[in-house]
Amino acid sequence: MGAGHHHRIHRPGDSPVHRLPPQCKLLAAAAFAVVVVATPREYVAAFAVYAALLAVVAAVARVPPGFVLRRMVIEVPFVVFAVALPIVGLGERVEVAGLSLSVEGLWAGWNILAKATLGVVASVLLAATTEPRMLLLGAQRLRVPPLLVQIAMFMLRYMDVVLDEMRRMRVARESRGFVARDVRHIPVVARSAGALFIRSYERGERVHLAMLSRGYAGSMPIIQDLSASRGQWGVAGLLPGLALLVLGLWYVM
Amino acid sequence: MHVPDGFFNVAVSVSAGAVAAAGVAVCLRGARRELDDRTAPMAGLVSAFIFAVQMLNFPVALGTSGHLLGGALAAVLVGPYTAVLCLAVVLLVQGFFFADGGLTALGVNITLMGIVTVVVGWAVFRALTRILGGGRGAVVASSAVAALLSVPASALVFTLLFWLGGNAPIEVGAVAAAMGGVHVLIGIGEALITGATVSAVLAVRPDLVYGARGLAGPLLLRAADGTTSEVAPAAAAPARTGAARPGGFLLAGIVVTALLAGIASFYASSSPDGLERVAEDKGFGAVATDHALGEQPLADYGESGGIPVGVAGLIGVGVTLAVGGGLFFAVRRRGRRLAEGARGEERVDA
């Protein structure tokens, strides 16, 4: 994760997915994730359908597959864990290509891999089609405590500032030949963190005073109308709705 | 350590979500006392700081490196309530914008990395500064030990949740050993960085370190004629009003927890019933009940312990809430003592 990172997670566009109100998309993504997690792992076909649903959303939103793939790197540590599971897992074992693998471990590895991947792709699509600020306003409409939303908004605003500060300090360290190699270098890293805290906090105090002098009274004005029509809720509900339908088939059959 | 979707079953995810929501609700009230009208901007800034600091990789042992969790550091720098809020916001932003940590695992992540690290870190820090006194060295040492213990504590709670409803067939002992081992190492790194960071901030702006509030000397006014006079610090005033009615916050926390726990346990207990009904409707109830139970989300849970699924779910919810509630009670008492301490001991210590 580099500096200025969060500009690259949003892909501005004018697709039907981009135009949906943020609260609809937020709820749809969360509901979809819940349906995915609640799906029995033996129901392999369902995961293929879920993946197809997400592919349709990505196509409608004109988010290229390469973009989603690059953002999926975040998942790598758990992929490693999922791959290791069949080898270290307990229970009945099966021979595959000369390797003794645990059956239960294979299922568990598949379970984590499939569900985590679908969850990651859903969040990536949500973030790619929704401006971070709008996403937070949508959260506020969903009755998330306003103070929490405000903290998150200030965090997004300050993130670039703090990350830039950190990058400048790193450049300064490295231009003096510093490379963090072992434990002895921890004090240097820690002093940077301390300096970063003081610099950010002092800057925050200045910004807060500037805000007060411009009439800040504890809440930011909301200038957009974010109300969602019934139709928009319906469109957004398609993703979790269809997923739920697929899940329902398992119990009916 | 961000848990993705599908790692824990639905019951554990929902109950951890209830604990996280209750914790954040309590902290929303508490943070107003720590930061008053500056809450939103300053907490936002501290969140951005924690987000940045979590990217600082530090070398742990040969070839491996860890990154800061920042729970204990944030608690010492800005106070426990603000720290939980900041970490919760960081995890929310990471989950929704960076796909780091699953959306259904948000509750688990906030509980593990926000609440547990901060509560354990702050409890240890308060206990140690009480024993060692409030000197600068004591604050630095206490924050290092707090950080050292907070990381394995978080790993321990992870193991507990895994035992309750993890989706992987690994022995709990093995998980505990692996998680514990790695996180003791990470904890040592975290301790060194936290201690050194707190020490660096103390050296420049001791007033910014919440855990060292007792350290700040009173403001001395030196007049032109050589006389000096002390100005009584005004910082104790908000703490006093807050300490007067801690019961309200505790009550609110318990009510929220109980409400959410009700929803969670309803889910945990009603789900198998619904499934059994479907099974009976389809006429394979008697034959396939075991099989049907084995295929729904709570299954690993009931099978592993040999107890009915609904009961297992309820136990899971109960244990999770008891642990969360107990830790909260502990931190509330510490918070009250801190407020009293801030009133009682206005030491001059440079």
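The model is predicted, and the predictor gives the complex an ipTM of 0.84 together with a pTM of 0.73. The contact between the chains draws 75 residues from chain A and 61 residues from chain B. Mean pLDDT is 82 for chain A and 70 for chain B.

**Confidence**

- In chain A, 92% of the residues reach a pLDDT of 70 or more, and the mean for the chain is 82.
- Among the elements of chain A, the highest mean pLDDT, 91, belongs to helix α3 (residues 44-60), whereas strand β1 (residues 93-96) has the lowest, 69.
- In chain B, 60% of the residues reach 70 or more, and the mean pLDDT is 70.
- Residues 235-246 of chain B have a pLDDT below 50, and this stretch has 17 contacts in the model beyond near neighbours in sequence.
- Over residues 331-335 of chain B the pLDDT likewise stays under 50, and the model has 11 contacts for them beyond four places in sequence.
- Where pLDDT is low, the predicted coordinates should not be read in detail.

**The contact between chains A and B**

- With 75 residues coming from chain A and 61 residues from chain B, the side of chain A that touches chain B receives two or more residues from each of α2 (22-38), α5 (76-88), α6 (103-129), α7 (132-141), α8 (146-175) and α9 (186-213) of chain A.
- Helix α9(A) provides the largest share of that side, namely 17 residues.
- By class, the residues on the side of chain A that touches chain B comprise 52 nonpolar, 15 polar and eight charged.

**One helix pair across the contact**

- The axes of α6(A) and helix α4 (residues 80-97) of chain B come within 7 Å and cross at roughly 90 degrees, and the two helices, α6(A) and α4(B), are therefore roughly perpendicular to each other.
- On the α6(A) side the residues are Ser123(A), Leu126(A) and Ala127(A), which meet Gly95(B), Phe96(B) and Phe97(B) in α4(B).
- The contact of α6(A) with α4(B) has four nonpolar and two polar residues, with no charged residues.

**Domains of chain A**

- The domain assignment divides chain A into domain 1 (5-139 + 226-252) and domain 2 (146-213), and the C-alpha centres of domain 1 and domain 2 of chain A lie 33 Å apart.
- The contact between these domains takes five residues from domain 1 of chain A and five residues from domain 2 of chain A.
- On the side of domain 1 of chain A that touches domain 2 of chain A, three residues are nonpolar, one is polar and one is charged.

**Transmembrane annotation and helix content**

- An unreviewed UniProt entry places the feature "transmembrane region" at residues 43-61, 73-90, 110-130 and 233-252 of chain A.
- Residues 43-61 of chain A are 89% helix and 0% strand, with end C-alpha atoms 28 Å apart, while residues 233-252 of chain A are 100% helix and 0% strand, with end C-alpha atoms 27 Å apart.
- For chain B, UniProt lists the feature "transmembrane region" (unreviewed entry) at residues 6-28, 40-62, 68-93, 105-125, 137-164, 249-268 and 307-331.
- Residues 105-125 of chain B are 95% helix and 0% strand, and their end C-alpha atoms are 29 Å apart.
- Residues 137-164 of chain B are 100% helix and 0% strand, and their end C-alpha atoms are 41 Å apart.

Conventions: Residues are numbered from 1 along each chain as its sequence is written. Chains are lettered from A and ligands numbered from 1 in the order in which they are written. This is a predicted model: local features need pLDDT of at least 70, side-chain atom pairs count only at pLDDT 80 or more; totals for chains, interfaces and linings use all residues. Two residues are in contact if their C-beta atoms, placed from the backbone, lie within 7 Å. Helices (H or I, at least four residues) and strands (E, at least two) are DSSP runs, numbered from the N terminus. Ala, Val, Leu, Ile, Met, Phe, Trp, Tyr, Cys and Pro count as nonpolar, Asp, Glu, Lys and Arg as charged, and the others, Gly among them, as polar. Domain bounds come from an automatic or database domain assignment. UniProt positions are given in the numbering used here, feature names are shortened, and annotations may be inferred rather than shown by experiment. Axes are lines fitted to C-alpha atoms, for helices over the stretch in contact, and angles run from 0 to 180 degrees between N-to-C directions. Angles under 35 degrees count as roughly parallel, over 145 as roughly antiparallel, 65 to 115 as roughly perpendicular and the rest as oblique. pLDDT is the predictor's confidence in each residue, from 0 to 100.
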